[in-house]
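I opened this model to take notes on its helices, its surface and its charged pairs. My entries follow in the order in which I looked things up.

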Amino acid sequence: MLVSESDDPALFLRAIGHIARSKGMSQIAEKTGLGRESLYKALDEKAHPRFETIFKVLNAMGIQMTLDPKMRLRKRSKQTELCVAEKRALYRV
């Protein structure tokens with residue numbers, strides 16, 4: 001399961017915290033302009049950091065976050081399925 005698929009913000013923070021520790025909190029702190037101790041507190045899974053802090057940390061680690069809509073499965077009617085099948089038949093070589 002992807003962290004982004006979870007409804008648990010603590011899991012998201014934990015993942016960011018693991019990446020930040022692996023890259024070095026001192027280095028991240030220097031790039032963000034935040035204190036190292038403040039970063040540890042902000043990235044604790046029980047914390048509620050501001051979006052600004054999260055974005056600074058992600059930027060300092062060279063991580064770009066992309067938001068995509070979730071795909072919902074829709075039931076197709078038989079008529080729609082026939083139209084799709086007919087279109088596929090037209091494009092077969």
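**Entry 1: the whole chain**

I began with the contacts of the protein chain, where contact means heavy atoms within 4.5 Å. Of the contacts with a separation of 6 or more, 51% are between residues 24 or more positions apart. I noted that this is a predicted model, in which local features need pLDDT of at least 70, side-chain atom pairs count only at pLDDT 80 or more, and totals for chains, interfaces and linings use all residues. Residues are numbered from 1 along each chain as its sequence is written, and side-chain values use heavy atoms, with hydrogens and water left out.

I then looked up the secondary structure, where helices (H or I, at least four residues) and strands (E, at least two) are DSSP runs, numbered from the N terminus. The protein chain has 5 helices and 0 strands. Read from the N terminus, the order of elements is α-α-α-α-α.

Next came the surface, with accessible areas from the Shrake-Rupley method and a 1.4 Å probe; for residues, only the protein chains shown count as cover. The accessible surface of the protein chain is about 8,200 Å². Carbon and sulfur atoms hold 54% of that surface. The protein chain has 93 residues, and 22% of them count as buried.

**Entry 2: helices α1 and α2**

I looked up how these two helices pack. Two packed helices are described by the angle between their axes and the distance between the axes. The axes are lines fitted to C-alpha atoms, for helices over the stretch in contact, and angles run from 0 to 180 degrees between N-to-C directions. For α1 and α2 (residues 25–32) the angle is about 100°, and the axes are 6 Å apart. The two helices are therefore roughly perpendicular to each other. The cut-offs are under 35 degrees for roughly parallel, over 145 for roughly antiparallel, 65 to 115 for roughly perpendicular, and oblique for the rest. On the α1 side the contact is made by A20, R21 and K23, and on the α2 side by M25, Q27 and I28.

I stayed with I28, which lies in helix α2. Is I28 buried or exposed? I28 is buried, because its relative accessible area is 1%. Not counting residues up to four places away in sequence, I28 touches A20, K23, L39, V57, A60 and M61.

F12 is found in helix α1, which covers residues 9–23. With a relative accessible area of 30%, F12 is partly exposed. Leaving aside neighbours within four places in sequence, F12 is in contact with V3, I54 and M65. I also looked at F12 and L43, which are 31 residues apart along the chain and have their C-alpha atoms separated by 9.5 Å.

Which residues make the nonpolar surface patch? F12, F51, F55, M65 and L67 make the patch, and its area is about 580 Å². Patches are made of residues with over 30% relative accessible area and no salt bridge; like charges are joined within 9 Å, nonpolar side chains (Val, Leu, Ile, Met, Phe, Trp, Tyr) within 5 Å.

**Entry 4**

I looked for salt bridges (a side-chain nitrogen of Lys or Arg within 4 Å of a carboxyl oxygen of Asp or Glu). The count is 4 salt bridges. One of them joins R36 and E37, at 3.7 Å from N to O. R36 is partly exposed, at 35% relative accessible area.

Another joins R50 and E52, whose closest N and O atoms are 3.0 Å apart. E52 also meets K56 in a salt bridge, at 3.6 Å from N to O. R50 is exposed, at 58%, while E52 is partly exposed, at 39%, and K56 is partly exposed, at 33%. E52 and K56 both lie in helix α4 (residues 51–60), 4 residues apart, which is about one turn of the helix.

T53 lies in helix α4 as well. T53 counts as buried, because its relative accessibility is 17%. Not counting residues up to four places away in sequence, T53 touches L34 and A42.

Technical notes:
Buried means under 20% relative accessible area, exposed over 50%, partly exposed in between (1.4 Å probe, protein chains only).
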